[in-house]
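Subject: Structure handover

Dear colleague,

Please find the structure below, together with its sequence. I would be grateful if you would read the notes that follow with the coordinates open.

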Amino acid sequence: MFRWFNSDKGSAVERFVQRDALKPIELLPWILAIAAYYVFPSYLPLGSQILLTILFAISLDLALGYAGIITLGHAAFFGAGAYAAGLYALHVTGEPLSGLVVAGLAGGILGFLSGLVILRTSGLTLIMLTLAVLLLVQEFANRARPITGGADGLSGISMKPIFGQFRFDLFGHTAYWYCLIVLFFVWLFALLLVRSPFGRALTGVRENVTRMHAIGAPVRRRLVTVYTISAVLAGIAGGLLAQTSQFVGLATLGFERSGEIVIMLVLGGIGRIYGAFVGVVIFMIAQDTFAKADPAFWSFWVGLMLVLIVLFARGGALGVVDQALRWVRKVRR
Amino acid sequence: MSALETQMLCKNFGALAVADKIDFRLEPGARHALIGPNGAGKTTFINLITGRLAPSSGRILLAGQDVTALPQEARVKRGLGRTFQINTLFRGLSVLENVFLAVCEREGLGNVMLRRANARRDLLDESYGLLESLHIADDALALVKELPYGKQRLVELAIALGLKPSVLLLDEPAAGLPSSETAIIFDTVQRLPGDIAILIIEHDMELVFRLANRITVLVQGAVLMEGTPAEIAHDKRVREVYLGERDHG
């Protein structure tokens, strides 16, 4: 086989390194997000929802897409963060940034403790255990009425201005920028993480646990670490929801939220960070479109879309794009 | 001091003894073959040494130090490398990355989070060099799952070599390969640095006799005998239980 382009050391290693370089298209989500602010000023609250859901999806991608931890209980950390941020604002201070730190800590502590226990298992057992953790936390929130407000949730949250300067306004301008900037930093962190030796090793765990052991990696410690990091980010996403909507209810810990975020990530494509952006947007648009076209059965159409993606486009929407690009390149050659 | 030693190593699954009081020594720089009929417990023995299985009793020593209670990763850190009889690769990753992961773990980088892996150009170059020495550098950027089976066997070997082991356990490195391709594997094994102690499981007697300077015969979990290739070839019991099979086959 004649393969001149990677026949010498320089170019093969060079091409390998180049894959991690930031490409111009990676700025597209940010340009679109900023453009959306000006084009759809009346949709800003929905926009904030989308942004924090993308953040939540990125957190899931680290655990599910990179490390291969299949979980249906990720809302536990989202909800823990939401309640923590809500309680902090109610009882301590309405200062938002320290509130986010508290939200991240709450998610992280829950993630670390539950991860220590459940990450000894894998496969179906693990999925069931992630679900069990979610149900436990949910039931706790439901029963601990004096603290969480039970089924009524936490209301009456009022936030102070960010840096004492930027007041949360009725139209969601501040909230939108706040979510966008937090998402931006989380995105930077996630990119750095998945391209670090630690992140690379996670894909190794996903691809083959047995081999990972055989090359001397402390697999379980790595899994607990990434699960904790993922839970911190999920907690931050939950905290954003609590602060921008100024209400926390049991739905933040709902199974629907856990399931939907997995669906969104799969739609976009797992293990690539940007699947979170694409999947969340596709899901929300599809939900909106189907709901208008067929109010009675819209969730059927979302389900059908998912079935088709899983059957015919394993890599999600971005996987399809990849395949198309590869095909175009092949034809050109 | 032996590079690897087992003392009275036992493993029972219920009443079945798959490893039965195995006393075994692998000397530094040895080319030692482990042979025996199917089900003799050869792979089990490897799994006990590497820590994938916990022994029922007995001791395992690496360079004189007791590692019986240590987890797999700690043994790898002490220089124990292995390959698998059935390909155990990162199938969805590129060939270069498969080796690079092993090299990074060897260098203890696996916990580094906020620096780019690719910044370690020296380790990438080293990984690539390893692929070159196994003649699979042309496929460095191909995904492992896209490679033909024979090349995957070489990746299996490359990952283990990326660890720079002092003791290398090769579990049927040529398993499933046509004879035309086994030569590549064995040439590679023969060219490995002389200071690596190698224990190899292999069924092809011709290859075993060409490669090994010491042979252990395992039957039903127990060591039947150990000796030089000549001694093994002329032993009556070995011929009966093992080599004899080939005459009928």
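This is a predicted model: local features need pLDDT of at least 70, side-chain atom pairs count only at pLDDT 80 or more; totals for chains, interfaces and linings use all residues.

Residues are numbered from 1 along each chain as its sequence is written, chains are lettered from A and ligands numbered from 1 in the order in which they are written, and side-chain values use heavy atoms, with hydrogens and water left out.

Interface

Contact (heavy atoms within 4.5 Å) links 43 residues of chain B with 41 residues of chain A. The two chains bury about 3800 Å² between them, 58% of it on carbon and sulfur atoms; buried area is the accessible area (1.4 Å probe) that two parts lose on being put together, summed over both. In chain B, the residues that lose the most area to chain A are B:Phe90, B:Met113 and B:Leu141, together 17% of what that side buries.

Four salt bridges (a side-chain nitrogen of Lys or Arg within 4 Å of a carboxyl oxygen of Asp or Glu) are found across the interface of chain B and chain A. One of them joins B:Arg121 to A:Glu14, with the closest N and O atoms 3.2 Å apart. Helix 2 (72-77), helix 3 (95-106), helix 4 (121-133) and helix 5 (149-162) of chain B each supply at least two residues of the side that touches chain A. Helix 3 of chain B gives the largest share of that side, six residues. Helices (H or I, at least four residues) and strands (E, at least two) are DSSP runs, numbered from the N terminus.

Sheets of chain B

An open sheet of four strands has the order 2-1-4-5 in chain B, with antiparallel pairing; two strands pair if DSSP finds at least two bridges between them. Its edge strands are strand 2 (16-26) and strand 5 (65-66) of chain B. Strand 1 (residues 4-13) of chain B is joined to strand 2 of chain B by seven bridges, and B:Leu9 has B:Ile22 as its bridge partner in strand 2 of chain B.

A second open sheet, of six strands, has the order 6-7-8-3-9-10 in chain B and mixed pairing. Strand 6 (80-82) and strand 10 (222-227) of chain B are the edge strands. Strand 7 (residues 167-171) and strand 8 (residues 197-201) of chain B pair in the parallel sense over five bridges, and the partner of B:Leu168 in strand 8 of chain B is B:Ile198.

Yours sincerely
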